[in-house]
Structures are given as C-alpha cells and as structure tokens.
Amino acid sequence: MTATLKARVHVMLKDGVLDPQGEAVKHALGTLGFQGVEGVRQGKVIELDLAASDRATAEAEVKAMCEKLLANTVIEKYTVEIA
Amino acid sequence: MKAAVITFPGSNCDRDLAVAFEGAGAAVTRVWHKDADLPAGTDIVAIPGGFSFGDYLRCGAIAAQSPVAAAIKAFAAKGGHVLGICNGFQVLTETGLLPGVLMRNAGLKFVCKTIDLRVETANSAFTNLWDKGAIARMPVAHHDGNFTIDAEGLARLRDEDRIAFTYAANPNGSTADIAGVLSANRRVLGMMPHPERMAEAAHGGTDGSVLFRSLLAALALA
C-alpha cells in the first residue's frame, strides 16, 4: 500500500492587490450589523491527497504545482501545509 | 492567410471567430484543444471567447496547460501571430505570452454592452488599417476583464507602444483603461472586446471587421 499525505494549499491575493470580492463581503457584513470589520480578503483552499511518504518531497512537489498552475504568482501568493 | 481557430471545452465564440476570418478572406482550420500540432502553414492562431474549462481555478488557467497551448507557445516563440479575444486574452496572460492578469470586474458584475474603444496604435498587424486615435465600436461581455499590471509593467507597455486599445469609458476598472495589449514583438494581441461580433452589417456595425482585414493585409503579403 502506498503511503498518502494530505496537502493543503492556501491561495490569497498578494498584499496591495485590490480584492473586490473581499470588499463586497466586508460591505455586506456591515449591512448585516457586524461592527468593526476592518478588512476582508477572500482566497481559496485546495486540498490534495498525495501518494507520497516523504514530506519534504511532497512539499517541493506541491510548491511546483502552485508555481505552474494552482496560483497565478503575478497577483497571488500561496502557502503549503503537509499533514 | 491561414487562420487556426482553437476550441476548448466551454469556448463559445469559436464559430463566430471563424466566420469573421472567413469574411475577411482567410482560410480557416478549426483546431481542438487536445491537438498537439497546429496545421502546417498556419499564419495566425486565434483563441476565442467563452468559458474554457468552466473558468475553473482561474479564467484561462486550465486551457493554458492544454496540449494545444504548448503548440501555440512554440508558434509564438518562432514569431507567429496569435490573437486572443476575451477568454482568449485570459488564456494568453495565463500562458505568459502577454503580461498582466485579468481580474474580476471592479464592479463585480458581468458587463455585457457595446462600447467605444480608442485605437492606441496602428503599428501592428492587427490594427494597421485604423488610424491611431480612431474610435471603434464593439461589444464587451465578460466578468473578469479588469486588466491589472504593476506600475513597472505599465510603464513598459507605454514606452514600447504596446497598448493596442483603451476604453473610452472604462467598464471594468482595468489599469489605465486598457482593453487590449500587444506582446514585445507586436505579434500577439489580447483584447477583451469582441471584434468578431461587430464584423458584418447584420451585427449592427462593421468596426470589428477592420481588425480581420488588417490581418489579411499584413499577413497575406508576408
């Protein structure tokens, strides 16, 4: 049986890139009466099941996936967690 | 002039684009996204509008990794001409053939209307039959047309005269009102508006046909 690892990738817009969806959510929260929401940024969570047993190799592989496809590094940043 | 019009799952302007090229006098071959080779003798590759791969992950991101995208990159690297309209523009930024990125419209709404464009350069195979500063009327229909580029990238586009079209009234929040940009070698154009939807009298105008006739004038002689 192949060992499996789970990876979780968070993709967020880089700081300074305007997030119109986050701004809309912030506005809606204010309309609902939630006070003091000073900022909202919306991103994506991508979970992967990997047929791998070595954490370092898996992390390097997922970072390569982020660079090539999962994030657009012109405007997005990402973090990788291996569990 | 031989044009190759690409179809991805979810493309929906591919037939209109083929008809517009044929209307200008081009011979058109339709190419499926799984094809790893372009037809021999292709002068221009055209990537249509639509919702390739359902806009999953990011608009154009999955299409940019398809077999035909690798062929298009190789074609462009050899100096081939490539036109990307709407989703095709998004695919071209995702492949890295054009700079910048198309973000969600600043107003968060899908924008579908006919608008005025300003032709910012006549110095390209796509725009040579227009005069610089001419107004061209064409439809836009997109949710993610907010062209975004950093200050350094914008300065480079301006210095190199690579902004092809701007909006007379910005519908989506794009940087510097940009509607279309050229690659450094001026042979790749991405634009959000749809010239193929304003290419014959029955469309309500023919301003878009100027782009296809410009290409024919430039490439038929090449």
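A residue counts as buried if 20 or more other C-beta atoms lie within 10 Å of its own, as exposed if 12 or fewer do, and as partly exposed in between. B:Arg186 has 18 other C-beta atoms within 10 Å, so this residue is partly exposed. The model discussed here is predicted.

**Two loop residues of chain B**

B:Arg186 sits in the loop between strand E10 (178–182) and strand E11 (188–191) of chain B. Its phi is near 65°, a positive value in a residue other than glycine. Most residues other than glycine have a negative phi. B:Leu108 also has a phi near 65°, again positive and again not in a glycine. This leucine lies in the loop between strand E5 (101–103) and strand E6 (111–119) of chain B. B:Leu108 counts as partly exposed because it has 13 C-beta neighbours inside 10 Å.

| Residue | Phi | C-beta neighbours within 10 Å |
|---|---|---|
| B:Arg186 | near 65° | 18 C-beta atoms |

**A helix pair in chain B**

Helix H1 (residues 14–24) of chain B packs on helix H5 (residues 209–219) of chain B. The angle is about 55° and the axes are 9 Å apart. H1(B) and H5(B) are therefore oblique to each other. The crossing of H1(B) over H5(B) is right-handed. H1(B) contributes B:Ala20, B:Phe21, B:Gly23 and B:Ala24, which meet B:Ser209, B:Phe212, B:Arg213 and B:Leu216 of H5(B). By class, this contact has 5 nonpolar, 2 polar and 1 charged residues.

The buried residues of H5(B) are B:Ser209, B:Val210, B:Leu211, B:Phe212, B:Leu215, B:Leu216 and B:Ala218. They pack against H1, strand E3 (44–47) and strand E7 (135–142) of chain B.

**Chain A**

Chain A has 2 helices and 3 strands. Along the sequence they follow the pattern β-α-β-α-β. The radius of gyration of chain A is 17 Å, while the globule rule gives 12 Å for 83 residues, so the chain is more spread out than a compact globule. The C-alpha trace of chain A spans about 55 × 25 × 15 Å along its principal axes. Of the 83 residues of chain A, 12% count as buried. Among its contacts between residues at least 6 apart in sequence, 69% join residues at least 24 apart.

**Where the chains meet**

Conventions: Residues are numbered from 1 along each chain as its sequence is written. Chains are lettered from A and ligands numbered from 1 in the order in which they are written. This is a predicted model: local features need pLDDT of at least 70, side-chain atom pairs count only at pLDDT 80 or more; totals for chains, interfaces and linings use all residues. Helices (H or I, at least four residues) and strands (E, at least two) are DSSP runs, numbered from the N terminus. The radius of gyration is taken over C-alpha atoms; the globule rule is 2.2 Å times the number of residues to the power 0.38. Two residues are in contact if their C-beta atoms, placed from the backbone, lie within 7 Å. Axes are lines fitted to C-alpha atoms, for helices over the stretch in contact, and angles run from 0 to 180 degrees between N-to-C directions. Angles under 35 degrees count as roughly parallel, over 145 as roughly antiparallel, 65 to 115 as roughly perpendicular and the rest as oblique. A crossing is left-handed if the near helix is turned anticlockwise from the far one by less than a right angle, and right-handed if clockwise. Ala, Val, Leu, Ile, Met, Phe, Trp, Tyr, Cys and Pro count as nonpolar, Asp, Glu, Lys and Arg as charged, and the others, Gly among them, as polar.
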